[in-house]
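Hi,

Here is the structure I promised to pass on to you. Please have it open while you read; my notes follow below it.

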Amino acid sequence: GDPVADGVVTNLARPGGNMTGMALMTHEIAAKWVELARDALGARRIGIVADPGGGKAQRLSAEQAARQLGLEWHILEAGTEDGIESAFQAAARRRVQALIFLSSPFFARERSRLVGAAARHRQPVIYEHRDFVDSGGLMSYGPNVRDVSGRAPAQVDKILKGAQAGDLPVEQPTKLELVINLKAARPLGLTFPQSVLVRADAVLQ
């Protein structure tokens, strides 16, 4: 997640203590998810699904973006397997037009369950990274996880050679990618605007 917003380190440049690493997300990316819900999915009423265990900064960023764009939003929470199903049921009751799942280790671990529930409820969902789309999800915008994790060994090497972890900057993603799954869109009756498709880094057929 966002290590500064989550209180793990004091800043990215000099994290201090005995901690460094790779930051997959920043809280600002949540605003982009809200924008995509409007521009790519035509949603005016969105659901923001948060893991109660974290992601407060992302949640606030998403709410602020929805307010600025004039969208109606509903905060839904899911921290258990049953909670995932409850979130989709609540979204249906509130006639939500698109869901955004904020970044969470729990959601990443349960991505097959999330994607399956989205298909079953016929609910368009924006996810945090491509692994969800590769599992059958509709679309994602976020870091390339393999690229980020592939840079971690260089930090480990520096520490093994004597560097103090707290002196090494926490690295952030250098590339954010938009991935769209047209196969998942068809059962939902969705057609993506051409202006969105040309911006995509990958379009799965």
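Predicted model: local features only at pLDDT ≥ 70, side-chain atom pairs only at ≥ 80, totals over all residues.

β6 has a strand partner in β5, and the two run antiparallel, paired over five bridges. Within that pairing, Pro143 has Leu176 of β6 as its bridge partner. β6 also pairs with β7 (residues 202-204), here in the parallel sense and over three bridges. In this second pairing, Asn181 stands opposite Leu204 of β7.

Now to the packing. Which residues touch the most other members of the largest nonpolar core? They are Ile46, Met139 and Phe192, in a core of 31 residues. Two or more residues of this core come from each of α1 (29-39), β1 (45-50), α2 (56-68), β3 (98-101), β5 (139-143), β6 (176-181) and α8 (182-185). The biggest share is from α1, which gives six residues. A separate core of 20 residues lies apart from this one, and Ala78, Phe101, Phe106 and Leu114 are among its members.

Leaving out residues up to four places away in sequence, Phe192 touches Ala40, Leu41, Leu138, Met139, Ile180, Leu182, Ala185 and Leu197.

As general background, nonpolar side chains in soluble globular proteins tend to be buried together.

Conventions. Residues numbered from 1 in each chain as written. Heavy atoms only, no water. Core = buried A, V, L, I, M, F, W, Y, C linked by side-chain atoms within 4.5 Å. Buried < 20%, exposed > 50% of the residue type's maximum accessible area, 1.4 Å probe, protein only. Helix = DSSP H or I, 4+ residues; strand = E, 2+ residues; numbered from the N terminus. Contact = heavy atoms within 4.5 Å. Pairing = 2+ DSSP bridges.
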